[in-house]
Amino acid sequence: PKRWPALAPTTIFPEPIPAKVFAADGTLVSVTARGELSGAPSAFELQPAQGAGVQVADSNKLYPISSWAGPWLTAERWWDPATESRQARFQFSTADTRAWLFTLSRNTWQAQATYD
């Protein structure tokens with residue numbers, strides 16, 4: 001009683017997993033510099049990893065998104081053109097009760113972590 005709930009176990013992927021995020025009409029979701037979405041995220045799929053011997057379980061499986069939050073825009077190291085990074089971060093929930101952390105940078109979606 002009167003305690004914060006325990007945090008869910010988290011898996012941070014050693015290498016981000018390439019992904020695609022789709023709107024309800026099947027188009028890829030994009031985000032403007034002002035944080036406006038081209039469509040509400042409704043599903044995603046993980047892409048097969050590029051590299052020898054690397055396999056992504058359930059790649060190309062469509063995961064319906066039951067709820068989502070974001071985007072949270074970041075501009076890191078904006079003062080240094082060689083190392084600057086702009087990203088939009090999102091959290092997606094799926095029907096299997098998992099939550100996912102995704103980023104979008106330069107029109108490339110990546111799954112960064114999952115909260116099991």
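Asp 80 is partly exposed, with a relative accessible area of 22%. Here, buried means under 20% relative accessible area, exposed means over 50%, and partly exposed lies in between, using a 1.4 Å probe and protein chains only. The model is predicted, so to speak of local features a pLDDT of at least 70 is needed, side-chain atom pairs count only at pLDDT 80 or more, and totals for chains, interfaces and linings use all residues. Residues are numbered from 1 along each chain as its sequence is written, and side-chain values use heavy atoms, with hydrogens and water left out.

**Charged partners**

What does Asp 80 meet in a salt bridge? Its partner is the side chain of Arg 77, at 3.6 Å from N to O. Arg 77 is partly exposed too, at 39% relative accessibility. A salt bridge is a side-chain nitrogen of Lys or Arg within 4 Å of a carboxyl oxygen of Asp or Glu, and the whole structure has 4 of them.

Glu 84 lies in the loop between strand 3 (62-76) and strand 4 (85-94), and Arg 106 in the loop between strand 5 (99-105) and strand 6 (108-115), so the pair ties together parts that are 22 residues apart in sequence. Glu 84 is partly exposed at 26% relative accessibility, whereas Arg 106 is exposed at 69%. In the pair of Asp 96 and Arg 98, Asp 96 is partly exposed at 38%, and Arg 98 is partly exposed at 23%.

**The barrel**

Now for the overall fold. The protein has 0 helices and 6 strands; helices (H or I, at least four residues) and strands (E, at least two) are DSSP runs, numbered from the N terminus. The 6 strands close into a barrel in the order 1-2-3-4-5-6, with antiparallel pairing. From one strand to the next, the twist averages 45°, where axes are lines fitted to C-alpha atoms, for helices over the stretch in contact, and angles run from 0 to 180 degrees between N-to-C directions. Two strands pair if DSSP finds at least two bridges between them, and strands 2 and 3 are joined by 3 bridges. Glu 45 stands opposite Leu 62 in strand 3.

**Aromatic rings**

Which residues form one aromatic cluster? They are Phe 44, Tyr 63, Trp 68, Phe 90, Phe 92, Trp 100, Phe 102 and Trp 109. Rings of Phe, Tyr and Trp (its six-membered ring) pair if their centres lie within 6.5 Å; planes under 30 degrees apart count as stacked, over 60 as edge-to-face and the rest as tilted. The structure holds 13 aromatic pairs. The rings of Phe 44 and Phe 92 have centres 6.1 Å apart and planes at 20°, so this pair is stacked. Phe 44 sits in strand 2 (residues 41-46) and Phe 92 in strand 4, so the pair links parts of the chain 48 residues apart. Phe 44 is buried at 0% relative accessible area, and Phe 92 is buried at 0% as well.
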